[in-house]
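Let's take a friendly walk through a protein model. Keep the picture open as you read.

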Amino acid sequence: MTTPEGGQAPNSRTPQSSRGPAATTLLAVLGVVYGDIGTSPLYAIRAALTPARGTVVAPEDVLGVLSLVVWSLILVVTVKYVTVVMRADNRGEGGILALMALATRSLPEGRIKRWATLTGIAGAGLFFGECTITPAISVLSAFEGLEVADPAFQRFVVPLSIVVLVGLFAVQQRGTGSVGTMFGPLMTVWFIVIAVLGGLAIAAQPSVIEAVSPHHAVMFFVRHGFEAFLVLGAVVLAVIGAEALFADLGHFGRRPIRRAWLFLVLPSLTLNYLGQGALLLADPSAIANPFYRLAPEWFRLPLVAIAPVATIIASQAVITGAYSLARQTMQLGFCPRLTVRHTSGEERGQIYLPQVNAGLFIAVILLVLAFRSADGLAGAYGLAATGTFACTSVLGFLVARRVWGWSWALTGFAFGSFLVIDLAFLGSAALKVPDGAWFTLLLGLALFALMTSWKRGRDLIFERWRTDSLPLASFLARLPQSRTIRVPGTAAFMTGNPDYVPNALLHNLKHNKVLHERVLFITVLTDDIPVVPPERRVLVEQLAPGIHRVILHYGFMESPNIPRALTELKSHGVDADPMQISFFLGREVVVPAQVPKMPLWRHWLFLVMARNAVPATEFFRIPSDRVVELGVRVAI
């Protein structure tokens, strides 16, 4: 989102068709989509069955927790995400913001639409929280295997984790294309290894298969009551990463993601969880680290070597997801302009955002130093994921009812059931606020405040700008009688509303008293679809001799490039050399109004974000030596 003079409108809903990239191989799906949920066996069972969580490692409790884990994988991941939610793609793209755009597109202006938007923003904030916790908890849990091999290694867990994380974030600026092809085969090996380890333990203790029966989960609640409810906050760790199946929909399509889940990932995870349960039935003391205890002694150190690789892949997936989500929030108008660098000339989805990378790095390192163990982070992790799950269910309900046309009964039963499960997980995770979930809550609230403050500030500026601006039709009607001197050249005036005269043009006329012989009013619109087809990118309309309106459409997953788009002007009948165009931009100075229209704390946040926003020239990739900026004072 940029200023009204910067050219990008606050919102646009042009219904255009778009299709995400073609489906890639199942190996690529395994490497990108399933890294997060695939590394959950490292810590989920241990966190759920640790006595401090309110349970005793008794055989019936092992079976009860395993039953909860297995049925969570079935109901939350398989039924909700794989079967239902993945149908709710926005022109081929998935994710919480794409779902929000799809839901709000079908709603009339009003309270429901505003609440749907706020739900999407809250879900995005919580997903950012998950993106900060995943690298910390995954890498810590991987190196905690060293303690199983030799307790003397305990003091090296945190230093080694920090070293790996520093390296991981340092290489982000180089892009992931060069190593992306390695991820799939490595994760395939990971899933096969954990499946074999689990299968061997099941063979030694086949009675653990009873845990597949849901009555064990029911009896667990009957025996423990409220303490069992607390355990749900740890059980949910087994399904964290389910949102990635939907978020990466545009990269691979439904079929490869579903096939990988049903035929490899789900069986491997189930076997490993049941295998850990079988181990605990035979040796309750293995609760210290049941994942690594599954392996024979000779294989534990090799397993410790494999696990960090899998966690790095999981971390890379969420870091990339954070970049993508940040660009979506920016394009949809919920955060200021950020630097977006494309790390691949072939793949548009491979991007690097330095500000986001730096913020994530600082947050992750602080988490590792503050919590120092995977168990300590489990509570914070659960709240971030379950909050996103609940937001997805609410928006999915609106899509099913308004877009798919489901009946009230079917929509209420399906998404009502999903929401009940999500709220049960969320309620349990929320009780862990003193144990670490405070971090997720604090981060989510902070991001929600930042995004809503930016959106409100931009809306107020647009309202003020419309009030003070001159309608374009009036300007064009008066122009022939004004005797304004026309000078050679082409001037492009960026404007957020194509129906009003840019203030930069009025200031130029006031001070320079000239108008170029060719004038372009350029407006950049972000549509609520992921990608705009090239043939629909540029729309040109002649308003008067030598004066044209140019509308540039981009999807919310694209980065604007105005000079490149303007190379198509000649094909639209505009005789202008893109390399000789002078760009006129308005730079706003925002000050408080005598009667402020938003609280002072929101006004302060907005000003801080506005001052740190990337300049329009860099965001729109306009050469700085062809830009003229004119200041405008705006009171809100």
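## Ground rules

This is a predicted model, where local features need pLDDT of at least 70 and side-chain atom pairs count only at pLDDT 80 or more, while totals for chains, interfaces and linings use all residues. Residues are numbered from 1 along each chain as its sequence is written, and side-chain values use heavy atoms, with hydrogens and water left out.

## Nonpolar cores

A nonpolar core is a set of buried Ala, Val, Leu, Ile, Met, Phe, Trp, Tyr and Cys residues joined through side-chain atoms within 4.5 Å. Buried means under 20% relative accessible area, exposed means over 50%, and partly exposed is in between (1.4 Å probe, protein chains only). The largest core here has 171 residues, and Trp 261 is among those with the most contacts inside it. A second, separate core has 16 residues, including Leu 476 and Phe 493.

Which residues does Trp 261 touch? Leaving out residues up to four places away in sequence, its contacts (heavy atoms within 4.5 Å) include Tyr 34, Leu 73 and Pro 267.

## A strand on the inside

Helices (H or I, at least four residues) and strands (E, at least two) are DSSP runs, numbered from the N terminus. Strand β6 covers residues 547-554, and because eight of its eight residues are buried, β6 is largely enclosed by the rest of the structure.

Strands pair if DSSP finds at least two bridges between them. β6 runs parallel to β4 (residues 514-526), with eight bridges, and antiparallel to β5 (residues 538-544), with six bridges. Leu 525 stands opposite His 553, while Val 540 partners Val 550.

## Charged pairs

A salt bridge puts a side-chain nitrogen of Lys or Arg within 4 Å of a carboxyl oxygen of Asp or Glu; there are nine by this rule. One of them joins Lys 80 and Asp 422, at 2.7 Å from N to O. That pair links helix α4 to helix α19, 342 residues apart, and both Lys 80 and Asp 422 are buried.

Another salt bridge joins Arg 549 and Asp 499, at 3.7 Å. Arg 549 lies in β6 and Asp 499 in the loop between β3 and α22, so the pair ties together parts that are 50 residues apart in sequence.
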